[in-house]
Amino acid sequence: MAAVSAAEGVAATALQSVVQRIQHAAERCGRRSDQVRLVAVSKTKPVSLLKQVYDAGHRCFGENYVKELVDKAPQESLYQDEVFILLSLGELQLPDDIEWHFIGNLQSNKVKPLLTGVPNLAMVETVDDEKIANQLNCVAGDIGRKPLKVFIQVNTSGEETKSGVESDGCVELVKHVTSNCPNLEFCGLMTIGMPDYTSTPENFKTLARCRSEVCKALGISEDQCELSMGMSGDFELAVEMGSTNVRVGSTIFGAREYAKK
């Protein structure tokens, strides 16, 4: 128990450090820190640890796996719409005022479990083809939820192991979402980039260029198209290059913990 409490204290301290680093990065490039959203990526971490970060005042969390997100998010009771706390793997679920972002690769057969299992899902950051866009649109309409905010994921590094639409297909996919998916709200572009490119941030430049092309095609200002780029190793650089949404996991929560096979 003492070890858990110590870990939680470290997470809260790390959160504040990341917030300060975002503020300083924003100041260095003449931006306001409130123009950057911090998504605390809690993959593999227990609810007790997330709750401590929540208690420190943070409300925006991200998950990579549908089942893990559904397990952690609050759900409506079957009894007269009463909302109650469920037990999941022996731990309490989190409060319903959290803004959940799904940031992992999304398969079409997981769309319905995700949307129905997470009533407070705020954003899907990983729409990378028309099939997923259509499925999200269909399910969102069927369950009668407000339009779901989405980012289009762009493969800016050209790596075959990375998901995302190629940069030259980005505009076409955005147009499909805005024209044919009334239950989705296009909010911006997202990229993962290469694992080590902080000294030559070509991936960030590519995403910024994609935004310019999208905004020109849609006739909107660049302020109307967010950029989700930057993770634990490079979020400060991403902020300096215009990111409005950074996804930080291990720097807040510590190394991810995977079950041994």
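Me: How many aromatic pairs does the structure hold?
Reply: This is a predicted model. F61 and W100 form an aromatic pair, with 6.0 Å centre to centre. The number of aromatic pairs in the structure is 1.

Me: Is the pair of F61 and W100 stacked, tilted or edge-to-face?
Reply: Planes under 30 degrees apart count as stacked and over 60 as edge-to-face. For F61 and W100 the angle between the planes is 50°, so the pair falls between those limits. The pair is tilted.

Me: How many residues apart in sequence are the parts that this pair ties together?
Reply: F61 belongs to strand β2 (residues 60-63), while W100 belongs to strand β5 (residues 99-102). The pair therefore ties together parts whose separation in sequence is 39 residues.

Me: Is F61 buried or exposed?
Reply: Buried means under 20% relative accessible area. F61 has 0% relative accessibility, so the residue counts as buried. The term for F61 is buried.

Me: Which residues touch the most other members of the largest nonpolar core?
Reply: This core has 64 residues. Its largest share, 6 residues, comes from helix α1 (residues 2-28). L136, beyond its neighbours within four places in sequence, has contacts that include L106, V124 and L184. The residues that touch the most other members are W100, L114, L121, V124, L136 and L189.

Me: Which residue does the UniProt annotation "modified residue: N6-(pyridoxal phosphate)lysine" cover?
Reply: The annotation comes from an unreviewed UniProt entry. The residue lies in the loop between β1 (37-41) and α2 (47-55). The annotation covers K43.

Me: Which residue has a positive phi of about 75° although it is not a glycine?
Reply: The residue lies in the loop between β1 and α2. The residue is T44.

Me: Over which ring does the charged end of R59 sit?
Reply: The charged end of R59 is 3.6 Å from the centre of the ring. The ring belongs to Y54.

Me: Where does pLDDT stay under 50, with 20 contacts beyond four places in sequence in the model?
Reply: The chain averages a pLDDT of 88, and 86% of the residues score at least 70. Residues 1-6 have a pLDDT below 50, but that stretch has 1 contact beyond near neighbours in sequence. Where pLDDT is low, the predicted coordinates should not be read in detail. The stretch with 20 contacts is residues 77-91.

Definitions and conventions
Residues numbered from 1 in each chain as written. Predicted model: local features only at pLDDT ≥ 70, side-chain atom pairs only at ≥ 80, totals over all residues. Heavy atoms only, no water. UniProt positions renumbered as here; feature names shortened; annotations may be inferred. Helix = DSSP H or I, 4+ residues; strand = E, 2+ residues; numbered from the N terminus. Phe/Tyr/Trp six-rings, centres within 6.5 Å; stacked < 30°, edge-to-face > 60°. Buried < 20%, exposed > 50% of the residue type's maximum accessible area, 1.4 Å probe, protein only. Lys NZ or Arg CZ within 6 Å of the ring centre and 35° of its normal. pLDDT = per-residue confidence, 0-100. Contact = heavy atoms within 4.5 Å. Core = buried A, V, L, I, M, F, W, Y, C linked by side-chain atoms within 4.5 Å.
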